[in-house]
Amino acid sequence: MALRALPAVGWRERLALPDLGIYSISAKTDTGAHSSSIHAAKIEPYLKGGAPWVCFVVHPRRRDAARAVECHAPVAAHKAVRNSGGVARRRYFVETTFVIGSTAFTSALSLADRQQMGYRMLLGRVALRDRFSVDVGQSYVQGRPDRAALTTREAPPSPSLRENP
């Protein structure tokens, strides 16, 4: 059986999360991490139409604490996740569109405290699986997220996240 060639990503990549209003963020590729995660502050759960939602703030640039994006998304899960030190903490998960280069897809994203980490976001193996191979000797292989891909999804669009809670 022949393996199909997958586009490569480097050990770090720029990507967009357009459903959340984030159009450029650097993420560290981490095949040891099951799920992707993003540094989120001021995490506040709430109900919208009887369904659980979460509001949170993302600072997409590592060295720019003044730039903040307020995000709202339906809660996909709230479960325990073990960090790299083996400590389990409950995290909110949201399903959102990722855009890496010209590839757009929907995947889960956990909201985590990554304040002390070098990158605001981790790109885990669930998001990478069957979409990309990883070239650990390269950075930013895919370049900036493709504008056309910002409106293309593998799955149907999620409900508008721009509504006020």
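## Sheet, aromatic contacts and nonpolar cores

Strand E5 and strand E6 (residues 51-58) run antiparallel and are joined by six bridges. The model is predicted, so local features need pLDDT of at least 70 and side-chain atom pairs count only at pLDDT 80 or more, while totals for chains, interfaces and linings use all residues. Residues are numbered from 1 along each chain as its sequence is written, and side-chain values use heavy atoms, with hydrogens and water left out.

Strands (E, at least two residues) and helices (H or I, at least four) are DSSP runs numbered from the N terminus, and two strands pair if DSSP finds at least two bridges between them. By these criteria, three strands form an open antiparallel sheet in the order E5-E6-E7. Its edge strands, E5 (41-48) and E7 (69-74), each pair on one side only. From one strand to the next, the twist averages 20 degrees. Leucine 47 stands opposite proline 52 in E6.

The structure holds four aromatic pairs. Tyrosine 46 and tryptophan 53 form a tilted pair, with 6.4 Å centre to centre and 35 degrees between the planes. Rings of Phe, Tyr and Trp (its six-membered ring) pair if their centres lie within 6.5 Å; planes under 30 degrees apart count as stacked, over 60 as edge-to-face and the rest as tilted. Tyrosine 46 counts as buried because its relative accessibility is 17%, and tryptophan 53 counts as buried because its value is 6%. Buried means under 20% relative accessible area, exposed over 50% and partly exposed in between (1.4 Å probe, protein chains only). Phe98, Phe105 and Phe132 form one aromatic cluster.

| Lysine | Ring | Distance from ring centre |
|---|---|---|
| Lysine 48 | Tryptophan 53 | 4.1 Å |
| Lysine 79 | Phenylalanine 93 | 4.9 Å |

A nonpolar core is a set of buried Ala, Val, Leu, Ile, Met, Phe, Trp, Tyr and Cys residues joined through side-chain atoms within 4.5 Å. The largest has 28 residues, and those with the most contacts inside it are Leu15, Leu17, Ile22, Ile38, Phe98 and Met121. Strand E9 (88-100) is among the elements that each supply at least two residues of this core; E9 gives the most, with four residues. A second, separate core of five residues includes Ala16, Val99, Ala149 and Leu150.

Note on methods
Lys NZ or Arg CZ within 6 Å of the ring centre and 35° of its normal. Axes fitted to C-alpha atoms, helices over the stretch in contact; angles between N-to-C directions.
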